[in-house]
Number of protein chains: 2
Amino acid sequence: MFSAPQVREPASSKSYKGTSVVPAYRESQNDGFERGTIRRVEAKEHVFCEGDPRTHVFRIEEGVIALSKLLSDGRRQVIDFAYPGDYIGLGILNDHIFDAQATCAAKIRCLPASALEQAAALDASLALKLYKAVSAELLAARSLLVSVGQGTAMERLASFLLGLHHRSMDNSDVDVVNLPMRRSDIADLLGLTIETVSRTITKLRSLRVIDVVHGTEVRILDCDRLEELAG
Amino acid sequence: MFSAPQVREPASSKSYKGTSVVPAYRESQNDGFERGTIRRVEAKEHVFCEGDPRTHVFRIEEGVIALSKLLSDGRRQVIDFAYPGDYIGLGILNDHIFDAQATCAAKIRCLPASALEQAAALDASLALKLYKAVSAELLAARSLLVSVGQGTAMERLASFLLGLHHRSMDNSDVDVVNLPMRRSDIADLLGLTIETVSRTITKLRSLRVIDVVHGTEVRILDCDRLEELAG
DNA sequence: CGTTCATTTGAGTGAAGTCAAACCGAGTGG
DNA sequence: CCACTCGGTTTGACTTCACTCAAATGAACG
């Protein structure tokens, strides 16, 4: 469960610094973002907040942006981590209904939402590209839902790590996955507490399935076993 | 939390028999489905299964279709309930990755996926319509994720009932919501067991927040209280 | 009336949550 | 260079909410 939707382009991957991945939807790159402006965001800085007018659409260039919903009592659900090549801010509503917050220093490209939508109204291939991008997001959201709705803590975490592993083929070392986010971000994604995430990672280490360096770098020692544990 | 995406058309609602709702995306109804064939499905019958080739796209005309993922060990996650006006089978993959199963007798309109996609490649407004339909699905999936990831059993069920309440303005009686699905469907949607769903409904009854007739008809007695309970 | 299927209710268990404390690495400043 | 702080992570002890197993109830139908 929780397999990241494998609809990515084969191998045109240009390697970015840091936590880069094969971009999700670029094909001929004719998505209008060539003319977008670059914006840098610090770790923990918000790109936009729930309730903000949806003025821009963004394409991640570097780093990771967490989309999340904050509940009135402080609980938080992370909806998705957006990696380089992913879009955020697509949608049909006038205002954002989620927060977008960098989990680490990031670079994003900005395009006015109106410009994109006007272009899409005239260009069926662009509109279709948006359709496909959102469809990919939908797959990811549903995979996560299955994981969170049915999985144990171990299954959720194993799925999460495998998902990252598939996404980030960037690294020189194939079996090392970066975790460019805090434990709390992972916990809020998986519907767990940081303590449970930590305990489960510890368990995976004691099972010799993974090894963890500096808390942020995970080496997968036994991928088959990890897949079993993912359910 | 778990508010159904409110992007529906104002009031062109033609009332269907049974569990009907205001259709999700019909605008001028130019979605190509006018020429689609009607298919009847019995309660519990599958419209398609995981792994089937994605030959058709469907628009619900009557009844409710549950989209779900079945895990190898029998656990099941319901992803969404599709109501009249909703589409199922949209997406970018060649095969279905979910089961679609009627929760009650239903009527659906079928259109070959290739036809729809060819039409969308030429007609930007149709492509944009697909984009918006999938965006609405994405909102629903994410709302559910928040509910399942962060909510208690009571919060999940209250959100679910409120979501249905908003969707099904069809009924003559505004405060009665139909539950045209089994407890197990609700449980699998909310990531709970049937026992917990049942107990929680009982609790809502004893709190005088709802009243239940024949197990399938819910009268909302105290909507404000229900919203509080939804978190 | 008996069968079947779905739902409700009850009693006991367990996985993940809560609360609290220890640990660790990175800065910072004496 | 070391002491101190600070944010983040890990570990431990205890609690709780939802799960499991089991039985009773209810509704639909031949």
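A: This is a predicted model. A polar side-chain atom of Arg199(B) lies 2.9 Å from a base nitrogen of DNA strand C.

Q: What makes the pair formed by Arg199(B) and a base nitrogen of DNA strand C a polar contact?
A: The cut-off for a pair of N or O atoms is within 3.5 Å. The distance for Arg199(B) is 2.9 Å, so the pair counts.

Q: Which elements give two or more residues to the surface near DNA strand C?
A: They are helix H5 (194-206) of chain A and helix H5 (194-206) of chain B. H5(B) provides the largest share, 4 residues.

Q: How far is a polar side-chain atom of Thr196(A) from a phosphate oxygen of DNA strand C, and what is the value for Lys44(B)?
A: For Thr196(A) the distance is 2.4 Å, and for Lys44(B) it is 3.1 Å. Both pairs are polar contacts because the limit is 3.5 Å.

Q: Why is Cys104(A) called buried?
A: Its relative accessibility is 18%. Buried means under 20%, so Cys104(A) qualifies.

Q: Why does Cys110(A) count as buried?
A: Cys110(A) has a relative accessible area of 10%, which is under 20%, so the label applies.

Notes
Residues numbered from 1 in each chain as written. Chains lettered and ligands numbered in written order. Predicted model: local features only at pLDDT ≥ 70, side-chain atom pairs only at ≥ 80, totals over all residues. Heavy atoms only, no water. Buried < 20%, exposed > 50% of the residue type's maximum accessible area, 1.4 Å probe, protein only. Polar contact = N/O pair within 3.5 Å; in protein donor to acceptor, adjacent residues only side chain to side chain.
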